Structures are given as structure tokens and as C-alpha cells.
Amino acid sequence: MKTPGHFSAAINNAIIIPAIETSLNEHHDQLMTVIAGTPSAGRSDETDLETTFVRLYTDFKGGDLSQTFERAGVAAGDAQSGLLEAALAAASEKLTLPAAVIRRTPNISAHKQQRLYDRIRAKVAQGPDVARTLIPLHPRESEAFQSYADVLELCHEIILGIDTSKNLHRFHALIARRWMLGLPLPQIIDEQISRNTTKPVRTTIRNTLDLIEGDIRFQAVRLFGCYSALLVYALDSAGLVDMVSSIPSLPLYLEIGASDKTMISFISLGLSRVTAMKLNEMSARKDLDTAGALQWLRTRPLEALGLSPLLLAEVRAITTISLPN
């Protein structure tokens, strides 16, 4: 009988192996460039190739490379596998990050993770006071925007290879914070329309939707996730373990568009983000777990919440559910 771990591994391989096959067969030269850690002209973000590199590298370090080659249709001992293994061995000489840490962000090159870690580690080495400034703030804190801008500036420079003088990181930090605070998408769109009065409204709407899905809910999740994983390792390595618990779950907040525990609990119960945001505004407490959030709903006169009939029906349906013990 297969365990859940075997089942998850099988699913992971089913997703990863075709990507490896494509990288090996169609982009071999570019893959070798990524493994070597050489910046490539014209492509600042090579997610598929970097994902393949991280998988091959961590399997190389774990002694599983031959099995991965076999699943990807690469014959052991042939010229291609030999070149790849030699390239991975050369990369290993440059990398100090453990493979287990690198694999926590499987879609960012190990070389880029190493460069980002080196910058973080240098700051942590200056002592606890400096190390504490590296911890991103919760979206509700007044200095959160600058905190996110600092993190994204570092990630844009090292991971994406973006010219940070254009301040794209500041714009993304602004939108990311507003999204995590739970602002409704229509409100964010309206703000963008007001900022871009010379553009057609339809274009701004489309661009804003792309911004939220692509730059915030994918790219920023990826960057903050990588930064947080490396920060945790740097703090642990420096003996500052007590600081780790204060790192907020920004990748989660960015994914769901909420950062108050109460709003997250409402969403976990099955409510839409719009409804959860409205209820969160009404709740005096922002730290309710799912049981507490459900109890809060059950003790409210629902008609007095001022919700539209559609949202009210959504809430009524939730109040009848039973949570597992």
C-alpha cells in the first residue's frame, strides 16, 4: 500500500518530469547557462529552466539524479547526462546553501537564492538589531509599505534582474499591501483608473487584473516566499531562532488577499473574499480562528449586517455548517 508521501511524490514527479524533458530536449544550451549561473541576455526570468535546475541540483546532492534522468528519458552514462552532472558538480562548488533550503523555493535558481542569501546573511551578521530590520512587517503596521519595497527591491535586483531605478518594486509593494489588507478588487481597479486617466478604461482594467494575478498572486508570492525561507535559515544559522516566529505569512496573505486572522478564517469557512472583508470590518476582533469566526456569525442578527441579498445568502449557508472536532 502506498503512503500519502508516496502519492504526493508521484504527483510531483508527474508535474516536474515533463518540464525537465522539455528543458533538456528543447532548451539544453539555456539550461546549461542557468546551471552555470551565467546571466543570460534577453531573459530576466527563466522560471521553467530554473525549476529544472533546482530539481536536478537537489537530486544530485541527494544521490537521486540517475533516477530523475531515467524518468526524463536521459540515458545514464551518455554525453548529455555526463555534461549535466559535471555542470551540477561545478555548481555545487559555488553553493553553500543546503539543498533542502534551496528546494523550499523550487522555481528560483539556486545561484540566485545563494546571492540573495549572501546579502541577507551579511546583514544578519551585524547583530540582532540589524537582523530584526530584515523581518517584513504585517500589512497593518504603518511602515509596512517601505518594508515590502525594501524586500522587493532586493528580489527584483537579484532574482528578476530588473533595473530598480525605475521603482517598479515600490509600485508592487503598494499594490501588494492594499491587496493583503483586503481591499476589494473593484476599488483597486478604480484607483488604477484614476491614476491612468490617459489610458482606455478597458486597458486599465485588464492591466490591473493581470497585475493582481501575475505580479502579486504569483510573482510576489514567489519572491516573498524565497526571501522568507532564506531569512529563516539565516536567523537559525546565527542563533536568532526567537525572531523566526515574528515573520508574517506574506505568501499566504498575498495568495488569498487577506492578512487579518479573522478575515482568513471567514475565507477558510468558504465565504468569498468580498464577504469576508465586509464581515472582518464589522468584527472588533481581528484574531478569530475558524471556530471563533463561525460563533461570531451565529450570534449576530444577520439581517442587521447590511449585506446585499446575495452576500447574506452566502453567510446564512455558512452558519449551518459543522466544523470537524
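**Helix contacts, salt bridges and core**

Arg178 is partly exposed, since its relative accessible area is 27%. On this scale, buried means under 20% relative accessible area, exposed means over 50%, and partly exposed is the range in between, with a 1.4 Å probe and protein chains only. The areas themselves come from the Shrake-Rupley method with a 1.4 Å probe, and for residues only the protein chains shown count as cover. The model is predicted: local features need pLDDT of at least 70, side-chain atom pairs count only at pLDDT 80 or more, and totals for chains, interfaces and linings use all residues. Residues are numbered from 1 along each chain as its sequence is written, and side-chain values use heavy atoms, with hydrogens and water left out.

The side chain of Arg178 forms a salt bridge with that of Glu191, at 2.5 Å from N to O. A salt bridge here is a side-chain nitrogen of Lys or Arg within 4 Å of a carboxyl oxygen of Asp or Glu. Arg178 belongs to helix α10 (residues 168-180) and Glu191 to helix α11 (residues 185-195), so the pair ties together parts that are 13 residues apart in sequence. Helices are DSSP runs (H or I, at least four residues), numbered from the N terminus. Glu191 is also partly exposed, because its relative accessibility is 25%.

By the salt-bridge rule the count comes to 12. Another of these bridges joins the side chains of Arg55 and Asp59, at 2.7 Å from N to O. Both residues sit in helix α3 (residues 47-62), 4 residues apart, about one turn of the helix. Arg55 and Asp59 are both buried.

Glu213 is partly exposed at 45% relative accessible area, and Arg217 is partly exposed at 24%. Elsewhere, salt bridges that share partners join Arg55, Asp59 and Arg103 into one network.

Glu213 has its C-alpha atom 12 Å from that of Ile175, and the two residues are 38 apart along the chain. Thr204 is another residue of helix α12. With a relative accessible area of 4%, Thr204 is buried. Not counting residues up to four places away in sequence, Thr204 touches Gln192, Ile193, Asn196 and Lys199; contact means heavy atoms within 4.5 Å.

Ile205 is also in helix α12 (residues 201-237), but is partly exposed, at 30% relative accessibility. Val201, Ile205 and Leu209 make a nonpolar surface patch of about 210 Å². Patches are made of residues with over 30% relative accessible area and no salt bridge; like charges are joined within 9 Å, and nonpolar side chains (Val, Leu, Ile, Met, Phe, Trp, Tyr) within 5 Å.

The largest nonpolar core has 88 residues, of which Leu116, Ile120, Ile159, Phe266 and Leu279 touch the most other members. Helix α12 gives the most to this core, with 13 residues. Such a core is a set of buried Ala, Val, Leu, Ile, Met, Phe, Trp, Tyr and Cys residues joined through side-chain atoms within 4.5 Å. Leaving aside neighbours within four places in sequence, the contacts of Leu116 include Leu154, Ile158, Cys226 and Leu230.

The last topic is aromatic rings. A pair of aromatic rings is described by the distance of the centres and the angle of the planes. Rings of Phe, Tyr and Trp (its six-membered ring) pair if their centres lie within 6.5 Å; planes under 30 degrees apart count as stacked, over 60 as edge-to-face and the rest as tilted. A search of the whole structure finds 4 aromatic pairs. One of them, Tyr117 with Tyr233, is tilted, at 5.4 Å centre to centre and 45° between the planes. Tyr117 lies in helix α7 (residues 110-124) and Tyr233 in helix α12, so this pair ties together parts that are 116 residues apart in sequence. Tyr117 is buried at 5% relative accessible area, whereas Tyr233 is partly exposed at 22%.

For Tyr148 and Phe224, the ring centres are 5.8 Å apart and the planes stand at 85°, so the pair is edge-to-face. This pair links distant parts of the chain, with Tyr148 in helix α9 (residues 144-160) and Phe224 in helix α12, 76 residues apart. Tyr148 and Phe224 are both buried.

Key. Helices (H or I, at least four residues) and strands (E, at least two) are DSSP runs, numbered from the N terminus.
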